[in-house]
Amino acid sequence: MGEAIIRLENVSKTFSSGQGNVEAVRNINLEIEKGDIFGIIGLSGAGKSTLVRCLNLLERPTEGRVFIGGKDITVMKPKELSILRRDIGMIFQHFNLLMQRTVLDNVTFPLEIAGESKKEARKKAVKFLETVGLAEKKEAYPAQLSGGQKQRVAIARVLASDPRILLCDEATSALDPQTTKSILELIKDINRNYGITVVIITHEMSVVQEICNKVAVLDHGNLIEKGTVEELFRSPKTEEAKKLVFSETAHIRHMHSSRQIRVVFDGKSAFEPIIGNITLELKTPVNILYANTQTINGNAEGEMILQLPDNKEIADKMVDYFKEKNLGAEEVNYVD
Amino acid sequence: MWTEQEILMILQGLWETVIIVFVSTFFGYILGLPLGVLLAVTDSEGIKPHPMLYKVLDVVTNVLRSVPFIILLVVLIPLTRAIVGKSYGTAATIVPLVIAAAPFIARMVESSIKEVDHGVIEAAQSMGAGTMTIVTKVLVAEARTSLLVGVTIAFGTILGYSAMAGAVGGGGLGSIAIRYGYNRWQPHILWPSVIILVLLVQLFQILGMKISKNLDRRRT
């Protein structure tokens with residue numbers, strides 16, 4: 001167990017507006033360890049963005065405390081907080097680059113804020129632009145770059161201030177799948193090479209599967225589930241978490257069948273011909289509606305959705321069989 | 001067609017107008033730019049909301065803006081006397097022009113700055129930038145093209161006001177147009193003055209837009 005670099009204690013944030021109060025996040029307790037790539041997943045409006053802004057106090061929690069590296073930042077003076085924020089980089093969905101500055105001057109910006117000399121700042125900036133593979137674009141302006149390139153500049157800008165933590169607020173949501181993959185790859189490298197703890201806010205399970213080692217599920221401002229990504233993928237406990245995990249197979253609801261079961265298996269269980277065995281044993285064929293393999297946190301995980309026969313007795317037996325085999329098996333119901 | 005004396009008078013008027021407008025625009029921004037920034041920053045959506053200060057500045061700006069310029073000219077005579085020593089002539093025109101232009105400039109600055117993408121401000125805050133750094137390096141720097149368009153508009157407006165000042169003894173082409181054109185009905189003086197004024201506005205309009213466009217890096 002590593003040390004908790006980020007710790008939230010009973011954090012709540014309420015926005016008051018003319019129409020009354022809106023509780024964006026409610027009583028959140030969370031620990032994120034050094035070196036983690038921690039995903040916070042939820043549907044839009046779940047309070048993810050508010051929660052991540054509580055980590056650097058862009059939003060001040062109405063209740064609770066936020067500890068960074070063991071220090072309560074909610075009691076810090078503005079000056080102290082400014083210095084602390086240099087330790088917490090943040091990238092955004094819409095990149096938020098300075099449009100009137102060159103790529104190079106965007107990367108030197110945090111160094112200017114920190115009071116470094118222009119010459120020193122430029123030297124560092126070029127180095128970090130090399131890290132993200134954009135050194136040749138240093139004299140370009142953000143408007144001349146693609147979305148993926150802009151996010152790379154934003155990442156170089158974060159690296160320039162040598163942070164301990166990187167917050168990603170839907171950092172890949174405006175990018176196409178290919179670019180998303182390469183940006184996630186870059187974030188993974190940064191986590192590994194610089195030992196930067198990463199917090200990723202997303203509404204896409206695929207992002208979490210691709211890169212995170214731990215995950216928390218946020219729903220209507222409540223933290224409803226947390227654990228490793230494997231745990232969540234194999235056996236999501238709450239309805240909301242299921243919705244997120246199964247989102248990619250949701251189109252199956254359009255296939256007519258009364259009962260379905262979702263089976264998850266890893267390399268160890270893949271030796272046994274389970275489907276074949278079950279068909280032979282129960283003398284009833286099963287229909288595979290969906291099958292997929294993906295890498296989660298470095299391990300191959302398979303996922304299958306099977307249609308269960310209409311005969312209730314046989315169907316129940318099949319469910320028991322899968323559960324017996326210790327596979328992540330769960331009946332899923334796509335009827336909304 | 002024109003006597004040498006008349007030509008010299010018109011050129012003299014042109015020169016006075018240029019001086020009046022440049023100096024007034026300059027001092028208008030000395031007052032209006034900080035005022036506009038303050039309005040944008042202390043607004044409830046700004047980076048340092050301050051409802052009381054905003055309200056006060058808002059009311060002062062509105063009151064000054066709503067006094068017709070020709071009235072303001074008269075009302076400000078004591079102030080003008082106190083600053084430049086007399087209430088007529090080129091220098092005396094500048095005082096009421098600055099007072100009239102400043103709140104108008106402040107409003108334009110305010111709206112230019114409010115156009116700056118909130119996300120960029122947030123990014124700067126996340127890097128630990130203080131309020132002053134955000135004002136100078138983010139707000140003003142990112143809004144610069146819009147601010148320059150504002151300068152162009154301010155220039156044209158002040159030029160128009162300066163002609164009005166001519167009616168109460170100010171200098172410049174406007175004053176010539178009113179005295180010779182209106183009071184004495186001498187069209188051969190009136191029309192060149194008017195045409196030169198129009199050309200002047202056009203020239204600065206084109207120049208301002210060109211500079212602002214050249215400075216804009218948001219286009220590829």
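## Strand pairing in chain A

Two strands are said to pair if DSSP finds at least two bridges between them. In this predicted model, strand β12 and strand β13 (residues 299–307) of chain A meet that condition, for nine bridges join them in the antiparallel sense. One of the bridges sets A:A291 against its partner A:M304 in β13(A).

These two strands belong to an open sheet of four strands in chain A, with the order β12-β13-β11-β14 and antiparallel pairing. The edges of the sheet are formed by β12 (287–296) and β14 (328–332) of chain A, each of which pairs on one side only. From one strand to the next, the twist averages 15°. A general principle may be kept in mind when viewing such an arrangement: in a regular strand, the side chains alternate between the two faces of the sheet.

Strand β4 (residues 63–68) of chain A pairs with strand β1 (residues 4–17) of chain A over five bridges, in the antiparallel sense. Here A:I6 stands opposite A:I68 in β4(A).

Strand β4(A) is also joined to strand β5 (residues 71–72) of chain A by two bridges, and this pair runs antiparallel. In this pairing, A:F67 has A:D72 in β5(A) as its bridge partner. Together, β4(A) and β5(A) form a hairpin with two residues between them. In its turn, A:G69 has a positive phi of about 55°.

A:E112 lies in helix α3 (residues 103–113) of chain A. Its relative accessible area is 16%, so A:E112 counts as buried, the limit being under 20%.

Apart from neighbours within four places in sequence, A:E112 is in contact with A:R101, A:D105, A:K118 and B:K137. A:E112 and A:R122 are 10 residues apart in sequence, and their C-alpha atoms are 10.0 Å apart in space.

## Two packed helices in chain B

Two packed helices are described by the angle between their axes and the distance between the axes. In chain B, the axes of helix α1 (residues 4–42) and helix α8 (residues 144–165) come within 9 Å and cross at roughly 130°. Because of this angle, α1(B) is oblique to α8(B). The crossing of α1(B) past α8(B) is right-handed.

Among the residues that meet are B:T17, B:I20, B:F22 and B:Y29 in α1(B), and B:L147, B:G150, B:F155 and B:S162 in α8(B). The residues of this contact comprise 10 nonpolar, five polar and no charged.

Definitions and conventions. Residues numbered from 1 in each chain as written. Chains lettered and ligands numbered in written order. Predicted model: local features only at pLDDT ≥ 70, side-chain atom pairs only at ≥ 80, totals over all residues. Heavy atoms only, no water. Buried < 20%, exposed > 50% of the residue type's maximum accessible area, 1.4 Å probe, protein only. Contact = heavy atoms within 4.5 Å. Axes fitted to C-alpha atoms, helices over the stretch in contact; angles between N-to-C directions. Parallel < 35°, antiparallel > 145°, perpendicular 65-115°, else oblique. Left-handed = near helix turned anticlockwise from the far one by under 90°. Nonpolar A, V, L, I, M, F, W, Y, C, P; charged D, E, K, R; others polar.
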